[in-house]
Amino acid sequence: MNQVSIVGVGMIPFGRHPERSLVSMAAEAARAALRDAKVEPSEVGAGFFSNGLAARLFSDHTIGQNVFWEVGINRIPVYNIENACTSASTAFCLAWSQVAAGQVDVAMVVGAEKMYVPELGLIHSGQSELDTQLGLVAPAGFALRAKRHMAEFGTTEAQLAAVAVKNRRHAGLNPYAQFREPITLEDVIAAPMIVDPLTRLQCCPNADGAAAVVLAGPGFVASRRGGEAAGRAIRVHAAVYCTGSYENPQDLTNWETDERGCRLAYETAGMGPENLDVVECHDAFTISEILHYEALGLCPVGEGGRLVESGETSLGGRIPVNPSGGLLSRGHPPGATGAAQLFEIVTQLRGEAGSRQVEGARVGLAHCMGGDKAADSKSCTVVIMSR
Amino acid sequence: MSQLTEAHHIPPMMEGVFVREAQDGRPHLLGGYCAACDRRYFPRPSYCRTCLEPVEETDLGTDGFLHAFTVVRIRPPLGFPQPYAVGYVDLAVGGLRVFCLVDPDRIGELKIGIPVELRVASFGDDGAGERRLRPYFTPATTGVAL
């Protein structure tokens, strides 16, 4: 297989954009990524557009063709991808596979979501699914995991809250993040309870947003050698996508899918957690980040709460996690999140992250997870990159 | 409680998930069983994942142990009470761990590991305001038969 590199990234600040259309947000991120890559629209061989909610909220379909047209890209294959929270990272894995196989030299992923609308309601795994009919709203599945983790490993409310405090502190340094005002442990614990033990500040907020990534094969990167674009190319060592096992019973203190996805990515890259300098993970809720630490092998099983409390996953610590502010402070537009995580890791590995820069970052990992079925996750993606 | 009243004319929120009154007079949970592979499922799928033969309906009983629970305090979906409780129950028969509603009137008595038993009552609606029967677990009063 061909070595794949990320040669361009772009995104718009996440937040409330009531005046913006989904397509205009997506096009702005796409244009920024093309400019960053110094790639012409005519050079893109395949386009992947990801979105989670527009079919339900706006009755819009096959949006990717509209988005790519806006940035001068037509005639090529365009794929529309929906995969809940991993929509954009799943699109990235597909784009990666086409470039790795040599089918196209340059592929592009654009992810976008517009969700600050009154019609949104509660996020769940599917209206006709039994779990939804029995009251499984998204935060409840994570709250049940938090309660088991607390019971089995002694994880505390303060440790859960520490994830939100850390990621908000990081977001204060990120102009693309939605919520940037610092918060304290007391703020997090005293916030309104959503689902015990998760308060409002422990649940990722909605956001309107878009992000884009340009991938290229070795021929393209070599042809630009000496140019600025090639010098800023980020190598992809693993782009793993796996789905759930849905076996019964499930252990609620981890996701088997999460562990399997991380293990496969490390095996593919020939690396381990000790090689990582920076991580973006799917902190949909505070407990999620703690469980992902354990799946990623950043600490032993059961130690995730103590790891965040130690400060080792803060900027300046041993292995900074979510220097962008994560889903918890950047906001979580499902169709765009996976691409925004890649934007952050690429920016970090290029040494262009400004005041939130992880010093000397050479290897980074972007981790995303989505959906819920039979107490398991429906999808997990793990991408390992280096400069 | 008023919202969990007996109401024989109210339809279930989904077919094939429970029976209101089994031979022992108690509500029972229904799942799937493949005899050839000795595999149980909840809910019942069309085909056994191992042999791809049709899965027959099976009785998963009425008793279990509360593996985890939580209380949902936000504005509830489907006409549920606010707050309402959900959890995972380890069924006494068959070894399955199932997601479930938990008695919203007995939240203060819930603890991980306690024995629970199934009830069926008018609980929430179909999303359009029509009442529906739903199964939920409540702290056991009749003792758990293993």
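Reader: What is the volume of the second largest cavity?
Author: The second largest cavity has a volume of about 40 Å³. Keep in mind that this is a predicted model.

Reader: Which residues line that second largest cavity?
Author: The lining is made of A:Asn254, A:Trp255, A:Asp258, A:Glu259, A:Leu291, A:Glu294 and A:Ala295. Two elements of chain A give two or more residues each: α11 (256-269) and α12 (286-295).

Reader: Which element gives the largest share?
Author: α12(A) does, with 3 residues.

Reader: And by class, what is in that lining?
Author: The lining of the second largest cavity has 3 nonpolar, 1 polar and 3 charged residues.

Reader: How many cavities of 30 Å³ or more are there?
Author: The count comes to 2. The largest cavity has a volume of about 50 Å³.

Reader: What lines the largest cavity?
Author: A:Leu134 is in the lining, and so are B:Leu29, B:Phe42, B:Val98, B:Phe99, B:Cys100, B:Leu101, B:Leu118, B:Pro135 and B:Phe137. β7 and β9 (131-139) of chain B each give two or more residues. β7(B) gives the most, with 4 residues.

Reader: How does the lining of the largest cavity divide by class?
Author: Into 10 nonpolar, no polar and no charged residues.

Reader: Switching to helices. At what angle do α4 and α15 of chain A cross?
Author: Roughly 60°, and the axes of α4 (residues 87-100) and α15 (residues 334-349) come within 5 Å. α4(A) and α15(A) are therefore oblique to each other.

Reader: Which residues make the contact?
Author: α4(A) uses A:Ser87, A:Ala88, A:Ser89 and A:Phe92. α15(A) uses A:Pro334, A:Gly335, A:Ala336, A:Gly338, A:Ala339 and A:Leu342. The contact residues divide into 6 nonpolar, 4 polar and no charged.

Reader: Last one: what scores does the predictor give the complex?
Author: An ipTM of 0.92 and a pTM of 0.95. For chain B, the mean pLDDT is 92, and 91% of its residues reach 70 or more.

Notes
Residues are numbered from 1 along each chain as its sequence is written. Chains are lettered from A and ligands numbered from 1 in the order in which they are written. This is a predicted model: local features need pLDDT of at least 70, side-chain atom pairs count only at pLDDT 80 or more; totals for chains, interfaces and linings use all residues. Side-chain values use heavy atoms; hydrogens and water are left out. pLDDT is the predictor's confidence in each residue, from 0 to 100. Axes are lines fitted to C-alpha atoms, for helices over the stretch in contact, and angles run from 0 to 180 degrees between N-to-C directions. Angles under 35 degrees count as roughly parallel, over 145 as roughly antiparallel, 65 to 115 as roughly perpendicular and the rest as oblique. Contact means heavy atoms within 4.5 Å. Ala, Val, Leu, Ile, Met, Phe, Trp, Tyr, Cys and Pro count as nonpolar, Asp, Glu, Lys and Arg as charged, and the others, Gly among them, as polar. On a 1 Å grid over the protein atoms alone, a cavity is a set of points where a 1.4 Å probe fits but cannot get out, and a pocket is an open set with protein on both sides within 12 Å along at least five of seven lines; lining residues have an atom within 4 Å of a point. Grid points are joined across faces, edges and corners, and a volume is the space filled by probe spheres set on the points.
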